[in-house]
Amino acid sequence: MLVSGGAAEPMVWSNENADNVLLEWETAVMAGQKNICVPQPVFINDNLKGIKGLDDASKFLKSENCPKLRPNKPDAHKWAASKTLYEVKQIQGVQLDVNEVSWSIPDLIKALQTYAPLQMKAAANQCATEASFFQQFPDTSFDSTEFDIKFLSSFDLKELFGSEKEKKHGILEYRKSLKNLSVSFRTNPRMSRNSMEILTHGLKQNYSFLKNINLSGANLADKQTWNLLTAALKVNDQLETLNLTDNDLTGLHDLYKAIKNHNSITSCRVGSNFGFESTSLLRDGIQPSTYYLDMDAASLLLLTELWEYGKPDLELIVFSYININVKEEDVPDSLGLLLGKLPGLKTIEIQSEALIGALTTCIVNSASITEITIALSETAKPATKKKSGTAAGGKAKDSGSNKIEKKQSQPWMKPLCDALVCRGKELAKQAALKTAAAEAEVRNAAAAEHEHGATSEHEISLTESVEQVKLEEAEEGEEESDDECGSEDNNIIEDHKLSLTFNNLGLTDQDVSLLANAFRKMKNGLGYLIMDENEISAVGFSSLLKVFTNACTVDGLSLDGNNIGPGCAKDLHKFAREATGLSGLYLARNPLGDAAVKMLFEGLALNEKPTIERLSLQQTNIADNAARAISTAIEELSALDMLDLSKNDFTSNGFVALAPGLNSNKSLKTLTLSDMPMDAESVDAFVEALKNPEDRTLENLDVSRCQLGDASAAKILNLSSKDFLIDMLCECVCNCSIDLNTHIHTLL
């Protein structure tokens with residue numbers, strides 16, 4: 001029984017004329033009293049008029065207009081309107097808001113009142129559809145202009161969009177004020193073809209509010225069903241985001257094309273787990289950085305297809321693994337080749353050992369790549385033994401051995417080194433061909449200047465030059481010795497420098513020996529080499545130093561946190577003396593000791609063209625014996641910008657010996673001396689060295705945890721200038737009384 005103001009209005013004349021609505025309600029109530037059915041009043045609220053259906057019925061019942069008699073006709077209703085309305089009110093009913101819940105109830109009421117059979121049937125069917133829809137989605141609010149529907153079956157979608165086969169319009173046809181609709185597939189074994197037909201029918205209608213569709217995990221039984229989505233995307237121009245993750249989309253090139261050419265789609269995620277953005281791979285334009293998380297076999301295969309289809313410009317690619325471990329057999333053979341073909345790729349990071357094979361293929365085939373990082377996840381890292389070097393604040397042990405310990409290298413290191421050598425030789429060949437071509441062009445131009453176009457006897461064609469380079473290369477063969485670094489050709493290609501990062505991988509001297517041999521054969525310099533937190537000793541470090549001294553340049557070298565002892569002192573001295581282009585050297589947390597550090601700085605002092613800018617020797621067991629060599633060297637290091645000597649064993653004598661170098665150096669901006677006690681004599685020496693602001697370049701001085709005390713801290717603070725104060729206030733005030741605050745505020 002649909003009870004509303006519109007239904008009650010005609011009852012005013014029900015004392016004289018038969019009223020079909022009253023007859024229906026009366027019949028329902030009587031049938032309920034005899035347990036034939038369960039009568040259900042539905043009170044229709046008209047929010048536009050602010051009238052509740054139940055209140056409207058009560059108001060009419062109490063008014064004088066509500067008839068107390070029935071018409072004197074045998075075929076009319078048996079009860080008066082007042083009795084029928086009273087009985088209806090006694091039955092527990094529900095209240096529906098016309099404008100919020102369903103749009104077809106008014107149509108049904110009108111059809112019932114006018115007894116229009118066709119209209120009544122159509123309105124009743126639509127009300128049934130809407131009732132089913134709201135049973136499925138009871139929390140859906142239609143007051144809002146934006147909402148999210150999660151469908152499970154084709155029935156849900158039919159109620160939403162209608163069915164193309166049955167030529168039915170869905171609920172959305174009645175939702176004219178809707179601005180944004182998101183449709184998502186709820187977790188289920190698979191989405192049916194019928195559901196895809198109805199959904200794509202809705203897409204083709206180009207509803208302006210249908211902005212987001214999520215088909216993650218649709219798991220279609222037949223991949224050809226995706227062709228329905230492809231066809232719909234070609235017609236649709238309103239959709240903005242599409243989620244197709246956790247579906248097998250490999251081989252669907254027409255779908256790739258439809259996504260690529262869609263005018264309004266800004267995001268389309270594909271692949272497994274978290275998925276990845278496909279639009280950036282399919283459309284033109286440089287993507288500076290792209291991160292791929294937990295890529296399984298299916299995702300990697302899909303990725304290679306999208307790369308091949310879209311040919312994107314990617315500068316940085318990171319394969320990160322946190323929750324899963326991919327296996328080597330899961331990696332497509334084409335991955336490495338396609339990585340090597342990406343035209344603008346400069347940086348690649350691999351976090352799974354299974355992908356290193358693809359990385360080696362990429363190295364061989366890519367001339368643009370400049371940075372490579374291998375950073376295995378915690379579950380993929382090799383087991384490491386406790387280092388014999390220094391712990392925090394402890395002394396180091398030096399084995400004294402001058403031989404590489406027989407530890408097995410990482411299984412991927414040899415193939416990686418072979419790839420580096422292959423790449424280096426290919427770059428050298430290309431450089432030689434380029435040089436030969438340039439020389440041939442110059443000689444041919446000179447020959448063309450002869451009178452009457454005579455050909456010079458000295459003319460060399462480009463083809464002849466190329467053949468000559470190939471002949472020389474063939475004669476050179478593989479004559480290089482693996483043991484004699486000094487015999488290598490010193491013509492190093494400075495272009496295409498490669499930077500490598502191998503942190504915390506459990507690398508040993510055996511791995512470093514393979515790398516050193518590869519660097520010697522590469523014929524092109526390195527940008528930076530970072531191998532922090534491994535198990536490299538002085539022997540492995542020395543093999544690197546020999547190569548970087550004689551056969552290969554390096555711009556930056558970092559081996560923080562290894563087990564490098566004083567056994568490398570001589571090679572370190574020679575490297576420091578002869579290095580060209582070295583800008584950064586980081587050897588923190590290694591048991592180098594006084595002897596090796598002293599040799600390092602003596603070598604730097606003898607370098608004719610010192611380029612070192614950043615030098616870190618934190619916690620390397622340096623004592624006073626090396627301080628004078630450090631002081632002498634920094635006087636000559638005109639490019640030195642940062643020096644870290646923290647957590648070492650300097651006493652007052654060491655600090656006093658170090659101070660004169662600071663007075664003479666004209667480039668140092670950052671000096672770190674933290675975690676070493678400084679007495680009054682040490683502080684006085686530093687204050688004397690830094691007292692003249694005009695000659696001082698130092699901007700950042702870290703003397704935190706140096707047990708300064710009030711007096712010494714105040715002396716250092718008195719050195720402060722506009723560019724020098726803030727960093728000092730953050731760092732130097734420790735073990736000082738609260739009275740020092742007054743001095744600090746005065747300076748500020």
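Tutor: First a term: helices (H or I, at least four residues) and strands (E, at least two) are DSSP runs, numbered from the N terminus. The model is predicted, so local features need pLDDT of at least 70 and side-chain atom pairs count only at pLDDT 80 or more, while totals for chains, interfaces and linings use all residues. Residues are numbered from 1 along each chain as its sequence is written, and side-chain values use heavy atoms, with hydrogens and water left out.

Student: Where is Arg589 placed in those terms?

Tutor: Arg589 is in the loop between strand E19 (584-586) and helix H20 (593-606). In total the protein has 26 helices and 23 strands.

Student: Why is Arg589 called partly exposed?

Tutor: Buried means under 20% relative accessible area, exposed means over 50%, and partly exposed is in between (1.4 Å probe, protein chains only). Arg589 has 29% relative accessibility, so it counts as partly exposed. Asp675, in the loop between strand E22 (670-672) and H23, has 25% and therefore also counts as partly exposed.

Student: What is the phi of Arg589, and what is the phi of Asp675?

Tutor: Arg589 has a positive phi of about 55 degrees although it is not a glycine. For Asp675, also not a glycine, phi is positive at about 65 degrees. Most residues other than glycine have a negative phi.

Student: Is Pro189 buried or exposed, and how do you know?

Tutor: The relative accessible area of Pro189 is 63%, so Pro189 is exposed. Pro189 lies in the loop between strand E5 (180-185) and helix H8 (193-204). Its C-alpha is 7.1 Å from that of Asn219, 30 residues apart in sequence.

Student: What makes Asn247 count as buried?

Tutor: Its relative accessibility is 11%, so Asn247 counts as buried. Asn247 lies in the loop between strand E7 (241-243) and helix H10 (253-261).

Student: Which residues does Asn247 touch?

Tutor: Contact means heavy atoms within 4.5 Å. Not counting residues up to four places away in sequence, Asn247 touches Leu215, Ser216, Gly217, Ala218, Asn219 and Trp226.

Student: How do you know what span to expect of helix H18?

Tutor: The expected span of a helix is 1.5 Å times one less than its number of residues. H18 (residues 538-550) has 13 residues and reaches 18 Å from its first C-alpha to its last, close to the 18 Å expected.

Student: What makes H18 mostly covered?

Tutor: Of its 13 residues, 11 are buried. Among them are Phe541, Leu544, Val547 and Phe548. The buried residues of H18 pack against helix H17 (509-522), strand E17 (524-530), strand E18 (554-558) and helix H19 (569-578).

Student: Which residues does Phe519 touch?

Tutor: Its contacts include Leu544, Val547 and Phe548, as well as Leu420 and Cys552.

Student: What makes a set of residues a nonpolar core?

Tutor: A nonpolar core is a set of buried Ala, Val, Leu, Ile, Met, Phe, Trp, Tyr and Cys residues joined through side-chain atoms within 4.5 Å. The largest nonpolar core has 153 residues, and Phe519 is one of those that touch the most other members, along with Leu215, Leu244, Trp307, Phe319, Phe601 and Ile630. Apart from that core lies another, of 19 residues, including Phe43 and Ala57.

Student: How many aromatic pairs are there?

Tutor: Rings of Phe, Tyr and Trp (its six-membered ring) pair if their centres lie within 6.5 Å; planes under 30 degrees apart count as stacked, over 60 as edge-to-face and the rest as tilted. By this rule there are 9 aromatic pairs.

Student: Why is the pair of Phe655 and Phe686 called edge-to-face?

Tutor: The ring centres of Phe655 and Phe686 are 6.0 Å apart and the planes stand at 65 degrees, so the pair is edge-to-face. Phe655 lies in helix H22 (residues 652-664) and Phe686 in helix H23 (residues 680-690), so the pair ties together parts 31 residues apart in sequence. Both Phe655 and Phe686 are buried.

Student: What makes the charge of Lys83 sit over the ring of Trp79?

Tutor: A charge sits over a ring if NZ of Lys or CZ of Arg is within 6 Å of the ring centre and within 35 degrees of the ring normal. The charged end of Lys83 sits over the ring of Trp79, 4.6 Å from its centre.
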